[in-house]
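Try each task on your own before reading its solution.

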Amino acid sequence: MKKVAVFGKPGSGKSTLSKALAAASGIPLYPLDSLVYQPNGEPVERSLFDEAHDQLLASDSWIIEGFGPLASFQQRLNAADTLVYVDLPYFTSYWFVTKRLLKGLFVKPEGWPEGSSVFKGTLESYKMLRLSPTFWNADFRSRLEALSTGKTLHVITSVTALRACSHY
């Protein structure tokens, strides 16, 4: 395991899991939000994102957590030797996003872009969750299983399994 892609719906616990995986393995972690957004929360110019993303994929080892532009997501899936799909039920993801918002009213979530609104980010997460069934579905799962030939694929489908993986 040298190149790990961690992905799933918004609010599924990807960040927590990725941090634990990076700490346990010593592999550098790259949260995709830090590549997609500037410190003030504004999007990074696409060409700059693509350049930074391509450099990461070419490096010896990485854990990249998140989704980002669809083309870059596909590149990561192809380049990774390990795929971690956090596929929690939708109501769980909605709850995790809501919990992050409630906590974020008092303390900025760890890793949240500086100057970026937790409220605005939460609305974006809800919007993405509403649209998610068109992407994160059985068809995606079957394409993922076909793509994972020669790779290690982990699919996490419960909070219990997520917590077990997050507490190495």
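The exercises below move from the sheet to its helices and then to single residues.

Two notes before starting: this is a predicted model, in which local features need pLDDT of at least 70, side-chain atom pairs count only at pLDDT 80 or more, and totals for chains, interfaces and linings use all residues. Residues are numbered from 1 along each chain as its sequence is written, and side-chain values use heavy atoms, with hydrogens and water left out.

**Exercise 1. Work out the order of the strands in the sheet and find its edge strands.**

Step 1: Pick out the strands, which are DSSP runs of E with at least two residues, just as helices are runs of H or I with at least four, both numbered from the N terminus.

Step 2: Link the strands that pair, meaning that DSSP finds at least two bridges between them. The five strands then line up as β2-β3-β1-β4-β5 in an open sheet with parallel pairing.

Step 3: Look for strands that pair on one side only; these are β2 (29-31) and β5 (152-156). From one strand to the next, the twist averages 15°.

Step 4: Check the pairs. β2 is joined to β3 (residues 62-65) by three bridges, and Tyr30 sits opposite Ile64 of β3. Four bridges connect β1 to β3, with Lys3 facing Trp62 in β3. Between β1 and β4 there are five bridges, and Gly8 lies opposite Val86 of β4.

**Exercise 2. Decide whether the residues of β1 are buried or exposed.**

Step 1: Apply the cut-offs: buried is under 20% relative accessible area, exposed is over 50%, and partly exposed is in between (1.4 Å probe, protein chains only).

Step 2: Conclude. Six of the six residues of β1 are buried, so the strand is largely enclosed by the rest of the structure.

**Exercise 3. Describe how α5 and α6 pack together.**

Step 1: Recall that two packed helices are described by the angle between their axes and the distance between the axes. Axes here are lines fitted to C-alpha atoms, for helices over the stretch in contact, and angles run from 0 to 180 degrees between N-to-C directions.

Step 2: Read off the geometry: the axes of α5 (residues 90-104) and α6 (residues 118-131) come within 10 Å and cross at roughly 175°.

Step 3: Classify the angle. Under 35 degrees is roughly parallel, over 145 roughly antiparallel, 65 to 115 roughly perpendicular, and the rest oblique. The two helices α5 and α6 are therefore roughly antiparallel.

Step 4: List contacts, meaning heavy atoms within 4.5 Å. Among the residues involved are Tyr94 and Leu101 of α5 and Phe119 and Tyr126 of α6.
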